[in-house]
Amino acid sequence: MLNYPNDSALKDVVSQFSKEAGDIKREPISRNGLNIWMQSEDIEVLGAVYRLIMDKSCYKRIQPPLNVHEYVAFVKHYYGRCFRENPESEWADSRYSAGWGLVAWFNHLWRDSNVSRKILAEIKRWIADLYKGGTEEIRKCIITATLEHLFEDKTIAKYFIDWRKDSELGSAYEEALGYSKHFQKHA
């Protein structure tokens, strides 16, 4: 990964959000520049890039556009860093806000019929690996900030049911499902 002088790269990314004379910027965002920002070691820069690619008006300006694999790889990398580092910063998500963001992202992909189920399977495996390799704090966050809320959708809970057979993932599945059912009962 590249290491930037923090202020320069962050200012470059954030400048893509700025408004001039009340209009959102319309000029293309260089794919080469975006690739460099996406490789930054600075979690603040990654957080700003994440917001940039999640903003529909900014995302449409990326030329040439990201392909789905690049997009998914970046988001997994960014969320993984947030889960592991739990930053407290202006641009990067904390562990729990990354967990909630992961719910929204997965739900969006789940409902999009154009998204390959292979991509969802890749993200599911990544969540499993993150959980298995995580500290107790990370594991608790994945259960309470992500899985619990994903499992509010019974079809997603069913999609994860194979976790029950895994010695480490089984307890996470059951705990998250229990929270989810409790929430559904009291909603």
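Tutor: Take helices H3 and H5. H3 crosses H5 in a left-handed sense. Left-handed means that the near helix is turned anticlockwise from the far one by less than a right angle; clockwise would be right-handed. The model is predicted: local features need pLDDT of at least 70, side-chain atom pairs count only at pLDDT 80 or more, and totals for chains, interfaces and linings use all residues. Residues are numbered from 1 along each chain as its sequence is written, and side-chain values use heavy atoms, with hydrogens and water left out.

H3 covers residues 43–54 and H5 covers residues 68–85. Their axes come within 10 Å and cross at roughly 135°. That makes H3 oblique to H5. Axes here are lines fitted to C-alpha atoms, for helices over the stretch in contact, and angles run from 0 to 180 degrees between N-to-C directions. Under 35 degrees counts as roughly parallel, over 145 as roughly antiparallel, 65 to 115 as roughly perpendicular, and the rest as oblique. Helices (H or I, at least four residues) and strands (E, at least two) are DSSP runs, numbered from the N terminus.

Now the residues that meet. H3 brings Ile43, Leu46, Gly47, Val49, Tyr50, Ile53 and Met54. H5 answers with Tyr71, Phe74, Val75, His77, Tyr78, Tyr79, Arg81, Cys82 and Glu85. Contact means heavy atoms within 4.5 Å. By class, this contact has 12 nonpolar, two polar and two charged residues. Ala, Val, Leu, Ile, Met, Phe, Trp, Tyr, Cys and Pro count as nonpolar; Asp, Glu, Lys and Arg are charged; the others, Gly among them, are polar.

Pro64 sits in the loop between strand S4 (62–63) and H5. A cis peptide bond joins Gln63 to Pro64, with omega about -15°. Asn86 has a positive phi, about 50°, although it is not a glycine. Asn86 counts as partly exposed, at 30% relative accessibility. Buried means under 20% relative accessible area, exposed over 50%, and partly exposed in between (1.4 Å probe, protein chains only).

Pro87 is in the loop between H5 and H6. Pro87 is buried, at 11% relative accessible area. Leaving aside neighbours within four places in sequence, Pro87 contacts Ile43, Cys82, Ala92, Asp93 and Ser94. Pro87 and Ile43 lie 44 residues apart along the chain, yet their C-alpha atoms are separated by 7.8 Å.

Now a second pair. H6 (residues 95–111) and H7 (residues 117–132) have axes that come within 10 Å and cross at roughly 155°. H6 and H7 are therefore roughly antiparallel. Their crossing is left-handed. From H6 come Leu102, Trp105, Phe106, Leu109 and Trp110; from H7 come Arg117, Leu120, Ile123, Trp126 and Ile127. This contact has nine nonpolar, no polar and one charged residues.

H7 also carries Lys124. Is Lys124 buried or exposed? Lys124 is buried, with 10% relative accessible area. Beyond four places in sequence, Lys124 contacts Tyr159, Phe160, Asp162 and Trp163.

Further along, Leu177 lies in helix H10 (residues 169–186). Leu177 is buried too, at 9%. Not counting residues up to four places away, Leu177 touches Phe151, Ala157 and Arg164. Leu177 and His149 are 28 residues apart in sequence and 9.0 Å apart in space, C-alpha to C-alpha.

Now the whole chain. There are 10 helices and four strands. From the N terminus, the order is α-β-β-β-α-α-α-β-α-α-α-α-α-α. Of the 187 residues, 47% are buried. Among contacts between residues at least 6 apart in sequence, 68% join residues at least 24 apart.

pLDDT is the predictor's confidence in each residue, from 0 to 100. The chain's mean is 90, and 89% of its residues reach 70 or more. Among the elements, H7 has the highest mean (98) and strand S1 (residues 19–20) the lowest (52). Over residues 1–5, pLDDT stays under 50. The model has 13 contacts beyond four places in sequence for that stretch.
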